[in-house]
Amino acid sequence: MASQPHALSYVGCNFLRQRLVLSTLSGRPVKIRKIRAKEESPGLRDFEASFIRLIDKVTNGSRIEINQTGTTLYYQPGLLYGGVLEHDCSPHRSIGYYLESLLCLAPFMKHPLRIVLRGVTNDQVDPSVDVLKATALPLLKKFGIDGEGFELKITRRGMPPKGGGEVIFACPVRKVLRPIQFTDPGKIKRIRGTAYSVRVSPQIANRIVDSARSILNKFIPDIYIYTDHMKGTSSGKSPGFGLSLVAETTNGTFLGAELASNPQGQGTAVLPEELGLNCAKLLLEEIYRGGCVDSTNQSLVLLLMTLGQQDVSKVLLGPLSPYTIEFLRHLRSFFQIMFKIETKPSREEPQGGEKVLMTCVGIGFSNLSKTIK
Amino acid sequence: MEEKDRKKHHKKHSGPKADKKRKRHLNDLGLGDDEDARKRNPKAFAVQSAVRMARTFHRTQDLKTKKHHIPVVDRSPLEPPPVVVVVVGPPKVGKSTLIKCLIRNFTRQKLIEIRGPVTIVSGKRRRLTIIECGCDINTMIDLAKVADLVLMLIDASFGFEMETFEFLNICQVHGFPKIMGVLTHLDTFKNNKQLKKTKKRLKHRFWTEVYPGAKLFYLSGMVHGEYQKQEIHNLGRFISVMKFRPLTWQTSHPYVLADRMEDLTNPEDVRVNPKCDRKVSLYGYLRGAYLKNKSQIHMPGVGDFAVSDVSFLPDPCELPEQQKKRSLNERDKLIYAPLSGVGGVVYDKDAVYIDLGGSHEEVRPNHELVQSLISTHSTIDVKMASSKVSLFMDSKPLGSEDVENQEFMMPKEEKQIDLKTGRVRRKAVFEEENDDGASDEEEGQDEEMSEDEMDGSEGGDGDNDVEGENDKEVPGQELGLRSAKRLKREETTEETAVELPAFADSDDDLEMRSGEEGETDLDESKEEAEDQGDEESDEKESSDSDSESSMVPTTDSGNCTAEEASESEAEGSSEEEEGSNDDSEVEESNKKGIQSAPEKNVDGVEWAVSKAVEDGDGDDDDDVENLLKEEEEYGEDNDFSVDTAGALKWKEDLTQKAAEAFLRQQQSAPNLRKLVYGTGKNPMLAEDADEEDDADEELGGLFHVSRPDKESKQKANALDCSKFPVETPQDWDLDEVMNSIQDCFVTGKWEADKDAAKLLEEDEELYGDFEDLETGVVHKGKPAAEGDEDKEGKEPKAGEEEEEKKKRMDKKRKLKEMFDAEYDEGDATYFDDLKGEMQKQAQLNRAEFEDQDDESRVQYEGFRPGMYVRIEIENIPCEFVLNFDPHYPIILGGLGNSEGNVGYVQLRLKKHRWYKKILKTRDPIIFSLGWRRFQTIPMYYIEDHNGRHRLLKYSPQHMHCGATFWGPITPQGTGFLAIQSVSGTTPDFRIAATGVVLDLDKSITVVKKLKLTGFPFKIYKNTSFIKGMFNSPLEVAKFEGAAIRTVSGIRGQIKKALRKPEGAFRATFEDKLLMSDIVFMRTWYPVSIPAFYNPVTSLLKPVGEKDTWTGMKTTGQLRHERGIRLKQNKDSLYKPIVREKKHFNKLHIPKALQKALPFKNKPKNHEKKAKPTKDQWRPAVIREPHEKKISALLTALGTVHSYKIKKAKLNHRQHLKDYLKRKHKEEEEKFKRQKEAKKKLFRIMGQKEKKKQKSSLKGSGEREK
């Protein structure tokens, strides 16, 4: 018997997505124990269950075993299948939570993925679909994932707590990825953004835009922030508003920042002006951190570098986020790959904080699901 | 005789001599010394036809593009592994002789018996691994997968044999390696002509199989049982200059052709259970791709395993140093074949062994050293662990060796001095290495030691206390231990230097030094021993390594960061806090002073040792002082945390301020790496730590005495979010803060080489004056600073000149770049661009890790091809060791991601046209796919036009078909072959089918046809009630709307179930049915494939029976063996078809209709005629003989008469013909005559007429006259 490779075992529900995604890509089973074992309500939450269901949808032949209390999860991955799918995401987490993992998996399906995700499009916890659309998609393009069937469309906006948003994500399949040498972020040439508001006064979006511009104009004149006021069915079930900003550089780096209003009935009301200011400042923070990839997409870029051919890939990042650090460890245990990590001391001229140069040799991954004729 | 043998003179056709001759000849013709023909005879090369020119151009372009391959990144290693040369051929063809001759040719050594692969150095840049391939099809398949070059031996006196063709076909499937044919037994031909003919015949057949023009080598005869020297030499030359094409499978998978095997199983386990699973280490050159530690491998003939450890060893058969000479030194002509017992020096992970040959074993030398050496050797061969224990027994420390060692190490040591800290304790490196060797043996003590350490750690900082305790407890084995080390060290004298770094550890450094002093201070040695224990435990967890500069503090710092990181991330990966290494800026991190209490145990021990050292020797006092100072620093740093928070409180802060902490830590690079990956070299340890919490505490318990469980758990269940929130936002209203990112924008300052303004300036300088035509403004270049020069005088002139020069050079460079850009990129095609890109990538790949030492390179890249590696594998079946036969190749094939999994594999398959039978669905068959050979049960199918996969009972005779089986997932596009059985030999061709993998899936789509039949029991117009097709209304409900059909072709549809007869339904048809009609429905039933996957474990069979593996038998075989005849279904027997004559009734036309019909169509009433009446009926006439005679005469007369008449008629006809002929002739003559006459007449008439005219013309005149 081709012995089923030894299952990797973890404790706790943190980084569940990483583990399941990497397990699926590497083909190694994973076992997660003690999921919220000591809490009042032990076991997997709604949104995690929904995520597992999503993984089950996009794969074929995976085996998922969850014990009765939901504190132990065993996942034996199947092959990525794809196709035209629909998924109702849990409103506890935004669609970004699910989409981040789908971005990792989508290029390696058997059939091109076209999935409709329903739920919360923007919230305060996860990266919103706007930011992912503006930052993650161009990133994937650098790896050769491109073409007509590559899009992320927001058809409806839904804010927490009730959601009601809808997003269509489509991605073509690739057999191999290109290695990248992405070490020069270039200089920021323009800033774009979207100020959205649903089920509130359309004026709010304008107020956000004005306040955000007031800060950003000091740095660069080329700013355009779209106001996106959704009405009727496309406005979801809960009121809310927010802003997402993206800075684009001359070399095709996209740095994103975002803020959303407090969900209805939770916390104090947020002034749109304040939100705009804070979001602009967040963008400046992101620019200060810098790198060729913004902080939310660090793990994505590292994964795609790992899954490249047996060639050297390089990328310059800002400070590594805790999530990324954990991701690097997971990459090592799933793919036996280590990154060469070098810090680049900040130069004398003011260009923000320190950068980290990540280098690795791809593992020579090839899409095992794709059919040849 | 001699005259006969003399060579005939051959004219030279090439070379300088021939050229000269040709030139002379041309000169003689008067054409010589002229330029080329094109110039001499321009008309011959002129354009004759534009169309033809276009055509030839197209053709050349076509040919050119045909040659293009998709460019791939060149990933071949700089120092390639030896080329695998597989010598293959049927038995008794001369394989072993050829190998022996080749080895002799390259190395001047004679091998008597060849077992396993033999590696030799064949040239300055090339090594060869030669291996013989027997006729077992298992071996042939395995070796075809790893071969770079195949020497295919063919017995010319016999011709091609099946094995040859089988091997060729195997090669074709698994990527085609270079194949060179070698014809042997040519001396059997007495007749020269026949020999020539045979050669030609064989050559052409060989060409059709390989490629036209493939090299076929002739070995003409034997001299003293060997091939002719010159021919072997030529063959060797061919081999050593041959170029190889990269094969897809080989370049994408790491593999090792093992040339050495050792059993590392604990002998006690074997004693208890002789059939226990074994732990084995295998050695060989790594080929193909990068090998990662802990990855999955497959051993063909054994099974799948996970690599438990990999380490690289110094190359046993090194390429010579770069040298100018063309040929190799005798010294460099190495040979390495441990399985054949050749090579002399055998490298191990931690020692080097010298083979003394069999002769030494009988006479035991007195010398203790040698004696122990021999014992070492034997132990390694048999059982490692036990041998080492035995080692200690009868050896004693040798002072002289110490001295030697010290001398040897000195240079090394000097290199390692760290200027900043002045810690020169690198001497220890050697000792350490030895310790390491010894360490394994000391397993028994291990636990004790660790306990000691525990005590130490609990005791806090009290170094001395610990020391004291240890002193008491240390068992008195150090002496033995030491001597063993010494022994080994002596053996390794040369190699140690290379190997050392692998085991350098800070603790050892100290200890080593003390050892070196060779001072017999008892206390010291005790401490040492204790330290060793310490190290052992370390090393078990993390096989560390490292470069010269790793020192005590390094370890410590590594620990703290690791600890911190792991805690903060709540990953239970901090098992091996100890095993660290690492170069460079460790001090920084130390100063940061993040110290952890748990580390103390280690520190404690170290300090104790260092103090002891201080006592012992005077030389190193300074160092020790330094050390101590540092320790004090540590102490101070620690004090804070220890005092305030007790054992573990210091960690609380960290978790909360994780983001801050790591931002701070990024200040130094190695810290970041440690932060991420911890200090363990062993990548899997982290995960092991995760794997079992309980085991965790047991195993590494001593190093993390107590982890703050609560915190870690909390972290483990924290929010899973990829966002990186800003913890301490900066005040963006402040100018300084704003300025800090000012240059990130296009509006900010640019780097010198990119700033537009600057570039513009430069351009200006470059081009000098120009006039803007649009505006009419004239720009002037700078006048070359003439005025300045004058003013400033000569002093600055020198500097300026230099500047000028630089500027000029810059200018030149720029111009050249522009020129290049203009002219080179102009005609660059897409292909060129792609190639350039690949080349760039290849360069980058090579350059990226070039400057790093192997230890760290291995971590990032994995083990790169060309390295000599030692691979440890656990849980190997004992038969592998017990039935080990070096004649069979052992291959370790690396598996890619999820290639170790199983699933359904879809193939495109074609029965081999030389295989005599067709293949039956569900008959088990053996596949060779990827690295694997396995038996499985395939299902054959064919794809219908609508994409449906329809099951076939048998594979088609001459067509491709699909096949699906349950088996290991192998990348698409991989070739495979199938054979019915690997055991025994048959005269027939054994390869049953070949093909390629198309798709991998976890479910299958193969269906077979199922026809459901039913019968009408009630028929209305177009509606009928059908019964007998289903058994219940529920079944009917499932098929509502399905299309049905009668045998006669009337189509219909199922409507609804009926209540009364169970399973009957109403259906509508396009026409009315008959009660005799049969209604049927075509359905497709998915078939299931048995999940049967049985690897061929031929290597586990006993020696001599390795080619007798049999797996599952086919039903046909079983039936045949047991004599069970198949019971035929009576209905499926063929019977003769009897067709009864069809009888048709008469056409009956009703009377009314008859009346209405027109007469023409009316049935005519032919009344039956009555019987002829008597008068109508006439009797027969019977003649009398006389009458008969008369009538006979009359007939005879009549005949004669009729003959006469006939003759007369004929005559008459002849006459008539003649007459007509004659008449015709006459007529013609007459006509002729008349024509003549007419002619005459007309002439006369014409003349008359002329005359008349003349006369008339004249006449008028005359008349007028």
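**Chains A and B: what the terms rest on**

Across the interface of chain B and chain A, 35 residue pairs are found in polar contact, both residues being at pLDDT 80 or more. The model is predicted, with local features needing pLDDT of at least 70 and side-chain atom pairs counting only at pLDDT 80 or more, while totals for chains, interfaces and linings use all residues. Residues are numbered from 1 along each chain as its sequence is written, and side-chain values use heavy atoms, with hydrogens and water left out.

Q: What makes a residue pair a polar contact?
A: A pair of N or O atoms must lie within 3.5 Å; within protein, one must be able to donate a hydrogen and the other to accept it, and residues adjacent in sequence count only if both atoms are side-chain atoms.

Q: Why is the pair A:Lys340 and B:Glu848 called a salt bridge?
A: The closest N and O atoms of A:Lys340 and B:Glu848 are 3.2 Å apart, and a salt bridge requires a side-chain nitrogen of Lys or Arg within 4 Å of a carboxyl oxygen of Asp or Glu, so the pair qualifies.

Q: How many residues of chain B are in contact with chain A?
A: With contact meaning heavy atoms within 4.5 Å, 95 residues of chain B are in contact with 110 residues of chain A.

Q: What area do chain B and chain A bury between them?
A: They bury about 9200 Å², 54% of it on carbon and sulfur atoms, where buried area is the accessible area (1.4 Å probe) that two parts lose on being put together, summed over both. In chain B, B:Tyr677, B:Asp720 and B:Ser722 lose the most area to chain A.

Conventions: Chains lettered and ligands numbered in written order.
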